[in-house]
Amino acid sequence: MKKVQVITDGACLGNPGPGGWAAILRHARHKRELSGSEPHTTNNRMELTAAVRGLAALKESCEVEVITDSEYLKNGITEWLPRWKRNGWKTASKDPVKNQDLWEQLDALTERHKTRWVWTKGHANHEDNNRADELASAAARGVSR
């Protein structure tokens, strides 16, 4: 099974506001950068979109290490998602889960791969995380013009 790293980040100018997402895919010596934007969104939606788009770009089932600086994304997919699904997409306080559409997409994509989620400190010394932040921020700025 092919081993791939997907490094993701999201950015938002205002929350909500113009947003951008980025994913860097690494396999062996190959590197692919993806990014995009939405005119009116939230930071959390952009973090989720980065992971969704990164995983969706994989053409075959892979062993994937997803690296994110978003605790919302990492905790959501590794801890909260199973409970949300059992509870009919309600939080512990019985409120509807925010961004359910993206969580459902992410859930379906992770079933195609052997996925491990890794949190890294944002704006620190992780080269690909810093690059993903640059790409996401640039995408957010580009849509805000």
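Visitor: Which residue in strand 2 does T8 stand opposite?
Guide: T8 stands opposite A23 in strand 2. Please keep in mind that the model is a predicted one.

Visitor: How many bridges join strand 1 to strand 2, and do they run parallel or antiparallel?
Guide: Strand 1 and strand 2 run antiparallel and are joined by eight bridges. Their hairpin has four residues between the strands, and G14 takes a positive phi near 90 degrees there.

Visitor: What about strand 1 and strand 4: how many bridges are there?
Guide: Six bridges join strand 1 to strand 4, and these two run parallel. Within this pairing, V6 stands opposite V66 in strand 4.

Visitor: How many of the ten residues of strand 1 are buried?
Guide: Eight of the ten are buried, so strand 1 is largely enclosed by the rest of the structure.

Visitor: Let us step back. In what order do the strands form the sheet?
Guide: The five strands form an open sheet in the order 3-2-1-4-5, with mixed pairing. Strand 3 (30–41) and strand 5 (114–119) stand at the edges; each has a single partner strand, so one side of each lacks a neighbour in the sheet. On average, neighbouring strands are turned by 20 degrees against each other, direction ignored.

Visitor: In what sense do strand 4 and strand 5 pair?
Guide: They pair in the parallel sense, over six bridges. The bridge partner of V64 in strand 5 is T115.

Visitor: And which strands does helix 1 touch?
Guide: Helix 1 packs on the sheet and touches strand 1, strand 2, strand 3, strand 4 and strand 5. The direction of helix 1 makes about 155 degrees with that of strand 1. Helix 2 also packs on the sheet, touching strand 1, strand 4 and strand 5, and its direction makes about 140 degrees with that of strand 5.

Visitor: Back to V66. Is it buried or exposed?
Guide: V66, which lies in strand 4, is buried, with a relative accessible area of 1%. Leaving aside residues up to four places away in sequence, V66 touches V6, T8, L55, T115, R116, W117 and V118.

Visitor: What does W117 touch, then?
Guide: With the same exclusion of residues up to four places away in sequence, W117 touches A51, L55, V66, L73, K74, I77, T78, L106 and T110.

Visitor: How many residues does the largest nonpolar core have?
Guide: That core has 29 residues, and those with the most contacts inside it are L55, W103, L106 and W117. Among the elements that give two or more residues to this core are strand 1 (3–12), strand 4 (63–68) and helix 3 (100–111). Helix 1 gives the most, with six residues. A second, separate core of eight residues includes I7, A132, L135 and A136.

Visitor: Why would such side chains gather?
Guide: In soluble globular proteins, nonpolar side chains tend to be buried together.

Visitor: What share of its residues is buried?
Guide: Buried residues make up 46% of the 145 residues in the chain.

Methods:
Residues are numbered from 1 along each chain as its sequence is written. This is a predicted model: local features need pLDDT of at least 70, side-chain atom pairs count only at pLDDT 80 or more; totals for chains, interfaces and linings use all residues. Side-chain values use heavy atoms; hydrogens and water are left out. A nonpolar core is a set of buried Ala, Val, Leu, Ile, Met, Phe, Trp, Tyr and Cys residues joined through side-chain atoms within 4.5 Å. Buried means under 20% relative accessible area, exposed over 50%, partly exposed in between (1.4 Å probe, protein chains only). Contact means heavy atoms within 4.5 Å. Two strands pair if DSSP finds at least two bridges between them. Axes are lines fitted to C-alpha atoms, for helices over the stretch in contact, and angles run from 0 to 180 degrees between N-to-C directions.
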